[in-house]
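Please read the points below with the sequence and the 3D view open beside you.

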Amino acid sequence: MKSLKLDEFKILDGLPSLPFQILKLLDAVSQGTVDNYNIINIIQNDPPMACRILRVANAPLYSFAAKISSLSRAAGLLSMEPIKNILLTTSILERHRDGGGSEHALDHNRLWVHFAVTAAIAGHLGRLIGDVEPDDCHTAGLIHDIGKLALVVNFPGDYAPILQSAAKGKKPLLEMERESMGFDHSEVSQVMAEHWGFPRLLIDVMKNCHSSESEKDFDRISGVVLLAKSLADSWGYSDGLETCITPIGDPLFSFLGMSQKSLKKWEPELKEYAESAVHFLEN
């Protein structure tokens, strides 16, 4: 893995989606305009498709007045026909496995569930906390760890031993990655997002969701995603790749202008949003 260079991820055209997500998309497209709402839901629960839409929305061709950090805004600006054409170029993850059966098998379904649940929780947390755009929170939560997807999809055999070492719980995954590759999945996320022209807001979340609220450039959306990611893990929706999860403490609650008591009050409805995301993926 030492031979793998971070710059290699700059040239990736995109990431593949799961076969059942592609089939769901094809079915929605075949039903015409009556199912446009379903198409948007598919995008909002699928990181590779979301990245394709954001990449096009932020391309110089469209020259929108500002960078687009929200999937719902991107959908509104692009209109449905271009979106359908963009999504139909999404490739299929041919090496898809459900986990098990091989020492290098990775549970891609679990990854998608983690991303979708993190996005759902982040979006609703944004509404409850206020002073942040909920759609930005949702989008950031969905794609914050695309570097993991890139490593899992493009280098599964090489990446699996790193994951297995990290699973023993002795060191965090980021540390294991740096020792083995010289960089980590957070850096992969950032170089891909920069290459695809994503707004600074989303790139900062990719960096900050692995840091802490004490960092100088840590922002509120990063805090929302960090909390959402932690809640997804603690509620049984972890991505299965990390075992050393940093616990969320009072400093983050204070930074977000909330408390553990308010989180306890919000927990039932946040869990409903999480379960809805899982239900959509599974049906």
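1. Asp 145, Lys 148, Lys 229, Asp 239 and Glu 242 are linked in a network of salt bridges, where a salt bridge is a side-chain nitrogen of Lys or Arg within 4 Å of a carboxyl oxygen of Asp or Glu. The model is a predicted one, in which local features need pLDDT of at least 70 and side-chain atom pairs count only at pLDDT 80 or more, while totals for chains, interfaces and linings use all residues. Residues are numbered from 1 along each chain as its sequence is written, and side-chain values use heavy atoms, with hydrogens and water left out.

2. Lys 229 lies in helix H13 (residues 220-234) and Asp 145 in the loop between helix H7 (134-143) and helix H8 (146-154), so the pair ties together parts that are 84 residues apart in sequence. Helices here are DSSP runs of H or I with at least four residues, numbered from the N terminus.

3. The structure holds 13 salt bridges, and one of them joins the side chains of Glu 194 and Arg 200 at 3.7 Å, N to O. Here Glu 194 is partly exposed at 41% relative accessibility, and Arg 200 is partly exposed at 45%.

4. The largest nonpolar core has 95 residues, of which Phe 9, Ile 121, Leu 125, Ile 143 and Met 192 touch the most other members. Such a core is a set of buried Ala, Val, Leu, Ile, Met, Phe, Trp, Tyr and Cys residues joined through side-chain atoms within 4.5 Å. Helix H6 (residues 108-129) gives the most to this core, with 12 residues. Leaving aside neighbours within four places in sequence, Met 192 is in contact (heavy atoms within 4.5 Å) with Phe 9, Leu 12, Leu 15, Ile 146 and Ala 150.

5. Counting pairs of cysteine sulfur atoms within 2.5 Å as disulfides, the total is 0. The sulfur of Cys 51 is 13 Å from the closest cysteine sulfur, in Cys 209, which is too far for a bond.

Conventions
Buried < 20%, exposed > 50% of the residue type's maximum accessible area, 1.4 Å probe, protein only. Helix = DSSP H or I, 4+ residues; strand = E, 2+ residues; numbered from the N terminus.
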